[in-house]
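These notes are meant to be read beside the coordinates. Please check each point against the model as you go.

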Amino acid sequence: MAPLKPGDKFPSDVVFDWVPIKNQDATLAGTPQDFNASSEWKGKRVVLVSVPGAFTPSCQAYHLPPYIDQLDKLKAKGVDQVAVIASNDGWVMSAWGKVNRVEGTDILFMGDTKSGFSKKHGWDAGMGDRNGRWAMVIDRDGTVKYADNEQDPTKVTVSGVEAVLSNL
Amino acid sequence: MAPLKVGDSFPDGVKFEWAPITDGDATACGIPQEYDASKEWKDKKVVLFSVPGAFTPGCQARHLPPYIEKLSEFKNKGVDVVATIASNDSWVMNAWGKVNGVKGDDILFLSDTKTFFSREHGWPAGMGDRNGRWAMVFDHGKVIYAENEPSPKDVSVSGAEAVLAKL
């Protein structure tokens, strides 16, 4: 399927693999549950970021930390939820959030292994099953407001927090 | 292929992906390289255990920690290398080692994404591409122990205690 573009509606069948962050100890594995994004994100303004892999150099060094650092700015611009997905499972994503000191549901770390959102409605990385590096903004009425993919998945430009902030 | 059994030779061409642990910070990513197990383990006594996934409940709670705690007992029994593998990539394996406080090459955290040792020479988990939960011991290129958990949720024959008892 073609990637979502601004003006499209967020699909109705989007489920992620979620292990909620309930403590800061990455050696305590949590319990996975389905996160039904299509229903959870109704009425919310959501920034959804996709990365090729948890704990990988570019995602860790340039992509994720600015989203953590500038979470307040995103909230100030009316963002209700920031979520990060990758093709890793929910356990790995949860651990990645913990070692980056994300608490609770400040930023959701989820595995895109349930409904293959990146493959079906976004972009893949062209490296095995890995997700591409991209960002989307979904508005409260369920309309996609921003959707852009890195041409080179080792770079962070259009999917970075600065680019997203300037499009809110 | 059939799983290795006691008396078999360790196969040629076994490679893992390895991002060595060079510091304790799981937010500092490692740099992956190829680990040629057939070559590295030729003249060594090696304990290799496979888990269905890094950071998962069974592996984390009951499988990995006893190996870390009993590492000196393994060394006392002449084990040169303790290594764990999973189908996660080497970055995830590196981070899993770090958050468990493993330093350097005390225990090698390797990714079984190169030559798929678990699928080719061990046991899969029967859950997607995940590795099974099993343990093997190699002594100078010969298999001296190889056992797979009947239920990958349990840790018995692949646990540190069971392996130590066979050394």
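1. Helices (H or I, at least four residues) and strands (E, at least two) are taken here as DSSP runs, numbered from the N terminus. With that convention, Phe55(A) is found in the loop between strand E3 (46-50) and helix H2 (57-69) of chain A.

2. On provenance and numbering: this is a predicted model, in which local features need pLDDT of at least 70 and side-chain atom pairs count only at pLDDT 80 or more, whereas totals for chains, interfaces and linings use all residues. Residues are numbered from 1 along each chain as its sequence is written, and chains are lettered from A and ligands numbered from 1 in the order in which they are written.

3. Chain A has 6 helices and 7 strands, which follow the pattern β-β-α-β-α-α-β-α-β-α-β-β-α when read along the sequence. The radius of gyration of chain A (taken over C-alpha atoms, with the globule rule being 2.2 Å times the number of residues to the power 0.38) is 14 Å, close to the 15 Å that the rule gives for 168 residues, so chain A is as compact as a globular protein of that length. Along the principal axes, the C-alpha atoms of chain A fill a box of roughly 40 × 35 × 30 Å.

4. Burial is counted from C-beta atoms placed from the backbone: a residue is buried if 20 or more other C-beta atoms lie within 10 Å of its own, exposed if 12 or fewer, and partly exposed in between. Buried residues make up 48% of the 168 residues in chain A. Two residues are in contact if their C-beta atoms, again placed from the backbone, lie within 7 Å; of the contacts in chain A with a separation of 6 or more, 70% are between residues 24 or more positions apart.

5. Chain B also has its own count of 6 helices and 7 strands, and its pattern along the sequence reads β-β-α-β-α-α-β-α-β-α-β-β-α. Its radius of gyration is 14 Å, close to the 15 Å that the globule rule gives for 167 residues, so chain B is as compact as a globular protein of that length. Buried residues make up 48% of the 167 residues in chain B.

6. How many residues of chain B are in contact with chain A? There are 17, and they meet 16 residues of chain A. The elements giving two or more residues to this side of chain B are helix H2 (57-69) and helix H4 (90-99) of chain B, and H4(B) gives the most, with 4 residues. The residues on this side of chain B divide into 10 nonpolar, 6 polar and 1 charged, where Ala, Val, Leu, Ile, Met, Phe, Trp, Tyr, Cys and Pro count as nonpolar, Asp, Glu, Lys and Arg as charged, and the others, Gly among them, as polar.

7. Helix H4 (residues 90-99) of chain A deserves a separate look, since 9 of its 10 residues are buried, including Trp91(A), Met93(A) and Trp96(A). The buried residues of H4(A) pack against strand E1 (15-18), strand E4 (81-86) and strand E5 (107-111) of chain A, together with H4 of chain B. H4(A) is followed by Arg101(A), whose phi is positive, near 65°.

8. The axes of H4(A) and H4(B) come within 11 Å and cross at roughly 55°, with axes being lines fitted to C-alpha atoms, for helices over the stretch in contact, and angles running from 0 to 180 degrees between N-to-C directions.

9. Phi of Phe55(A) is near 65°, a positive value in a residue other than glycine, and Phe55(A) is buried, with 31 other C-beta atoms within 10 Å. Phe116(B), which lies in the loop between strand E5 (108-111) and helix H5 (117-121) of chain B, has a positive phi of about 50° and counts as partly exposed, with 16 C-beta neighbours inside 10 Å.
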